[in-house]
Amino acid sequence: MAEEVPQSLNYIPEVILKKRKNNEEWAIRRKLQLEQKVKRLKSDNFVIKKPEQFIREYRDKEMDLVQMKQRGKNRSRRAFVTSDSSLLFVIRIGGKSDMHPRTRKLLYSLRLRKIFNGVFVKADARILEILQKVEPFVTYGYPNLKSIKDLIYKKGAGKIDNQRVPLTSNEVVEQALGQNGILCLEDVVTEIANVGPHFKEVTSFLCPFALTKPEKALQGKKKRFLDGGDSGNREDHINELVSKMN
């Protein structure tokens, strides 16, 4: 009986073995990444938009552009300011997927990048023209001294070296505005209330006020406040809204 000749083992190059190992490790990492992504999307209440929703958002944006142009043409600037005060406090109350990019750009020019952000502005021709165009997404009015103080002392923050710094001491104010003769929080309040000569420097130093969503004070209506909605000029009634959001 002939002896069986042992068969030689198949030789697999080391390069191929390393490649297989790398592929297996990559597959494991990719699987973990996908699992983490699914968990993250579920935790963020991620919703896949339907085609109809994209169409609706596009139409809303185009309609907003048309209405923005009409508001800029048809409404007189005199209808916006009925008070002797040249100071306005503007609050962004809306504007997401239904807003045209041009409208968003105008809101950004007012530094209103987030909903429920508020800023002090001087009621000059340029500001009034912008407010006309973005009216459905903002509300504004004439803040009294109490509202100004409450906003500065409770929500006030300034920008120093591109960092948001709470106004917890007069040293912060003096460091940023001392060259303009503004040394303390009370000076900031006075400069804003009187729309003083350094109003621009003070408001540029102040970060937009991050206000809280008021309960039952805003109904989500784009109609003007004087017509039963939320937006537009509230005149002195802005102080009631500020007290609920501060």
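1. A nonpolar core is taken here as a set of buried Ala, Val, Leu, Ile, Met, Phe, Trp, Tyr and Cys residues joined through side-chain atoms within 4.5 Å, where buried means under 20% relative accessible area with a 1.4 Å probe and protein chains only. The model is predicted, with local features needing pLDDT of at least 70 and side-chain atom pairs counting only at pLDDT 80 or more, whereas totals for chains, interfaces and linings use all residues. Residues are numbered from 1 along each chain as its sequence is written, and side-chain values use heavy atoms, with hydrogens and water left out.

2. The chain has nine helices and seven strands, these being DSSP runs (helices H or I, at least four residues; strands E, at least two) numbered from the N terminus. Of its 246 residues, 36% count as buried.

3. The largest nonpolar core holds 32 residues, of which Ile91, Phe120, Ile152, Val188, Ile192 and Leu206 touch the most other members. Two or more residues each come from strand E1 (87-92) and from helices H5 (145-155), H6 (170-177), H7 (185-193), H8 (199-205) and H9 (238-245). A second, separate core of 19 residues includes Leu112, Val121, Leu128 and Leu131.

4. Leaving aside residues up to four places away in sequence, Leu206 touches Arg111, Ile152, Ala157, Gly158, Leu167, Val188 and Ile192, a contact being heavy atoms within 4.5 Å.

5. The structure holds one cavity of 30 Å³ or more, and the largest cavity has a volume of about 40 Å³; a cavity is a set of points, on a 1 Å grid over the protein atoms alone, where a 1.4 Å probe fits but cannot get out, and lining residues have an atom within 4 Å of a point. Its lining consists of Arg111, Gly118, Val119, Phe120, Thr203, Leu206, Cys207, Pro208 and Phe209, with strand E2 (residues 117-122) giving the most, three residues.

6. The largest pocket has a volume of about 380 Å³, a pocket being an open set with protein on both sides within 12 Å along at least five of seven lines. Of the 17 residues that line the largest pocket, Val121, Lys122, Phe199, Lys200 and Thr203 are the closest to its centre, and E2, helix H4 (125-133) and H8 are the elements that give two or more residues to the lining.

7. The second largest pocket, with a volume of about 230 Å³, is lined by Arg111, Arg113, Lys114, Asn117, Lys159, Arg164, Cys207, Pro208 and Ala210. Arg111, Cys207 and Pro208 also line the largest cavity.

Conventions
Buried < 20%, exposed > 50% of the residue type's maximum accessible area, 1.4 Å probe, protein only. Points joined across faces, edges and corners; volume = space filled by probe spheres on them.
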